[in-house]
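Let's take a friendly walk through a protein model together. Have a look at the sequence and the 3D view first, then read on.

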Amino acid sequence: MQSILEIAGLTKTYRGGFTALNGVDLTINKGEIFALLGPNGAGKTTLIGAVCGLVEPSAGSITAFGKDMKHHWRSLRARIGLVPQELTTDMFETVWRTVNYSRGLFGLAPDKGKVEAILRSLSLWDKRDNQVRALSGGMKRRVMIAKALAHEPELLFLDEPTAGVDVELRRDMWENIARLRDGGTTIILTTHYIEEAEEMADRIGIIQSGRIRMVDETQRIMRQLGRIEADFALVDPLPALPPELAQPGLSLSADGATIHFRDAEGAGGSGGEGKAHVAAIAQKLAGLGYVYRSIDMRESSLEDIFVHLLGEPQS
Ligand SMILES: Nc1ncnc2c1ncn2[C@@H]1O[C@H](COP(=O)(O)OP(=O)(O)OP(=O)(O)O)[C@@H](O)[C@H]1O
């Protein structure tokens with residue numbers, strides 16, 4: 001697989017002495033969607049900033065498109081797009097001029113057809129003459145994406161692209177991002193939503209306290225991280241967990257009124273598999289004649305998973 005970005009030993013110590021990145025090694029493959037997950041303050045934005053030339057690394061190297069960033073910064077930066085977390089654009093400018101201007105900033109010749117295609121692909125064409133400030137929050141976010149796409153980057157960073165947008169718009173964004181990947185753009189996104197990473201990413205990297213803790217294919221990571229839990233509220237409490245139900249992941253509450261399931265390793269996989277496992281347990285309970293009033297099923301939050309996987313945050 002061809003790499004598009006190679007980060008080696010990247011360290012960033014901010015003035016004041018705080019080390020936000022601590023020896024990060026990471027390789028991004030051409031054409032993939034890579035999701036960078038991590039708790040608040042883990043170093044995600046700092047890492048993106050370092051690659052995009054907004055943060056000066058204290059040590060380490062960044063190689064993009066086979067060339068060292070330090071020495072070829074200007075030409076390489078033009079090939080990298082960034083959609084930052086914050087809305088950083090002139091709110092009084094129109095959508096059209098905003099996106100057009102961004103293209104010019106990177107030295108590309110004006111191309112109305114290209115800008116039109118970008119605006120159409122993000123459903124912003126009808127809004128092209130509107131001032132950015134007059135758009136909804138989700139549309140403003142799409143303008144930020146359009147701006148980043150205007151200079152036709154081969155590598156695109158999306159820093160929390162769907163933070164604060166509703167579920168429907170999030171789906172729209174996912175489709176947009178998938179289309180970009182299909183068009184050949186390599187994408188690195190950060191997110192706090194585990195389902196976003198699961199849905200979008202070919203690979204996931206987990207960063208904590210400025211260090212990469214884990215990098216793997218999404219399916220493999222989800223198998224390790226995914227955690228479905230379910231509580232079966234019994235109509236008649238049990239004195240003990242019946243022997244037929246003695247299996248990994250199942251336990252009985254102290255009052256005997258709830259059978260608890262957690263898809264710990266060995267108790268069934270994760271995601272879809274975890275849910276299928278809950279369904280199988282429900283069937284088994286019914287078959288054995290244990291009547292339950294309700295099933296309360298939930299997925300662990302990303303925070304739970306981080307604590308489980310990474311232990312308490314390290315400083
Ligand atoms: N300019 C700065 N000066 C000093 N410390 C900084 C600076 N920018 C970021 N930091 C610190 O570096 C750490 C990493 O910040 P960063 O924004 O990279 O994290 P993040 O993973 O993107 O977090 P979030 O998910 O909250 O956006 C944080 O503790 C932050 O306070």
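## The chain as a whole

Of the 315 residues in the chain, 34% count as buried, where buried means that 20 or more other C-beta atoms lie within 10 Å of the residue's own, exposed means 12 or fewer, and partly exposed is in between, with C-beta atoms placed from the backbone. This is a predicted model: local features need pLDDT of at least 70, side-chain atom pairs count only at pLDDT 80 or more, and totals for chains, interfaces and linings use all residues. Residues are numbered from 1 along each chain as its sequence is written.

How confident is the predictor? The mean pLDDT of the chain is 87, and 91% of its residues reach 70 or more; pLDDT is the predictor's confidence in each residue, from 0 to 100. The model also scores ipTM 0.96 and pTM 0.78.

The C-alpha trace spans about 75 × 45 × 40 Å along its principal axes. Its secondary structure comes to 10 helices and 14 strands, taken as DSSP runs numbered from the N terminus (helices are H or I with at least four residues, strands are E with at least two).

## Around the ligand

Which residues surround the ligand? They are Tyr14, Gly16, Phe18, Ala20, Gly38, Asn40, Gly41, Ala42, Gly43, Lys44, Thr45 and Thr46; a residue is near a molecule if its C-beta atom, placed from the backbone, lies within 6 Å of it. By class, this shell has 4 nonpolar, 7 polar and 1 charged residues. Here Ala, Val, Leu, Ile, Met, Phe, Trp, Tyr, Cys and Pro count as nonpolar, Asp, Glu, Lys and Arg as charged, and the others, Gly among them, as polar.

Helix α1 (residues 44–51) gives the most to the shell, with 3 residues. In α1, 8 of the 8 residues are buried, so the helix is largely enclosed by the rest of the structure. Just after α1, Gly53 takes a positive phi of about 80 degrees.

## An open sheet

Four strands form an open sheet in the order β2-β1-β4-β5, with antiparallel pairing. β2 (19–29) and β5 (67–68) stand at the edges with a single partner strand each, so one side of each has no neighbour in the sheet. Strands count as paired if DSSP finds at least two bridges between them.

Strand β1 (residues 3–13) is joined to β2 by 8 bridges, and the two run antiparallel. Across this pair, Thr13 stands opposite Thr19 in β2.

## Two nonpolar cores

The largest nonpolar core has 61 residues, and Ile33, Ala35, Ala64, Ile118, Leu119, Ala146 and Ile187 touch the most other members. Such a core is a set of buried Ala, Val, Leu, Ile, Met, Phe, Trp, Tyr and Cys residues joined through C-beta atoms within 7 Å. Helix α5 (residues 137–149) gives the most to this core, with 7 residues. Apart from it lies another core, of 7 residues, among them Phe232, Ile259, Phe261 and Ile281.

Strand β11 (residues 228–234) and strand β13 (residues 258–262) pair in the antiparallel sense over 5 bridges.

β13 also pairs with strand β12 (residues 250–252), again antiparallel, over 3 bridges. Here Leu250 has Phe261 in β13 as its bridge partner. β12 and β13 form a hairpin with 5 residues between them, and Gly256 in the turn has a positive phi of about 75 degrees.
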